[in-house]
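Subject: Structure handover

Hi there,

Here is the structure I promised to pass on. Please open it next to this email and have a look as you read.

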Amino acid sequence: MANFSTSRLWLMRAAFLGLGVLIIFFHLLPLDTQPRRWAPPDLLVAFAFAWCLRRPDYAPMLIIAGVMLMADLLFQRPPGLMTLLVVLGSESLKNRAAALRGASFVAEWLAVCLTLLVITVLNRVILAILAVEQAQLSLSLIQMLMTMLAYPLVVVVTQSLMGVRKLTPSDAEAMGGRG
């Protein structure tokens, strides 16, 4: 029961916020000044989805929205669009977390991949409707695929280094419905 204490809950929420800020910081470092032919995985989204499926109480909607909005502003994306799509995707995954808790990792990975696909398509369609200049389709698809492929590694890091594991049914019962 000590694992579910209020101080641990807020510590893990602060850890999620710190992780988001750290990812944004390293993304903004000017390590390579030449344009790339490929797009790296979106680790912010991958970690948000992993935390939402493992411990939904550690990644509340407001923290996810704050981190993603900060990323939108710092990465010079249209403010709020990716934030909205990621918040909707993470809340959708949180709603399916109880059903996926007993399922295999492949089912979880498929749910995340489908959510990433929907986010990518909706982002491209909305930007096209609003006539906003956007990256090449190939770069968007590469980033989506790289994020899908990076998700298992993100889960390993989340579980082994950060201690964010899936709730067991007895853990969820002990929390009193918080997870």
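Below are notes on the pockets, the core and the aromatic rings.

First, some housekeeping. This is a predicted model, in which local features need pLDDT of at least 70 and side-chain atom pairs count only at pLDDT 80 or more, while totals for chains, interfaces and linings use all residues. Residues are numbered from 1 along each chain as its sequence is written, and side-chain values use heavy atoms, with hydrogens and water left out.

**The largest pocket**

The largest pocket has a volume of about 1500 Å³. (On a 1 Å grid over the protein atoms alone, a pocket is an open set of points with protein on both sides within 12 Å along at least five of seven lines, whereas a cavity is a set where a 1.4 Å probe fits but cannot get out; lining residues have an atom within 4 Å of a point. Grid points are joined across faces, edges and corners, and a volume is the space filled by probe spheres set on the points.) The pocket is lined by 42 residues, and the closest to its centre are His 27, Ala 39, Pro 40, Arg 77 and Gln 143. By class, 27 of the lining residues are nonpolar, nine are polar and six are charged (Ala, Val, Leu, Ile, Met, Phe, Trp, Tyr, Cys and Pro count as nonpolar, Asp, Glu, Lys and Arg as charged, and the others, Gly among them, as polar). Helix 5 (105–129) is among the elements that supply at least two residues of this lining, and its six residues are the largest share. Helices here are DSSP runs of H or I with at least four residues, numbered from the N terminus.

**The cavity**

One cavity of 30 Å³ or more turns up in the whole structure, and about 50 Å³ of space lies in the largest cavity. Its lining includes Phe 16, Leu 19, Ile 64 and Met 68. Helix 1, helix 2 and helix 3 each give two or more residues to that lining, with the largest share, four residues, coming from helix 1. The lining has nine nonpolar residues, one polar and no charged ones.

**The core**

**The rings**

The whole structure has five aromatic pairs (ring centres of Phe, Tyr or Trp, the last by its six-membered ring, within 6.5 Å; planes under 30 degrees apart are stacked, over 60 edge-to-face, the rest tilted). One of them, Phe 16 with Trp 51, is tilted, at 5.3 Å centre to centre and 50 degrees between the planes. This pair links helix 1 (residues 6–28) to helix 2 (residues 43–54), and its partners are 35 residues apart. Both are buried (under 20% relative accessible area with a 1.4 Å probe, protein chains only; exposed is over 50%, partly exposed in between): Phe 16 has 5% and Trp 51 has 1%. Ring pairs also join Phe 16, Trp 51 and Tyr 58 into a cluster.

The charged end of Arg 55 sits over the ring of Tyr 58, 4.2 Å from its centre (CZ of Arg or NZ of Lys within 6 Å of the ring centre and within 35 degrees of the ring normal).

Best wishes
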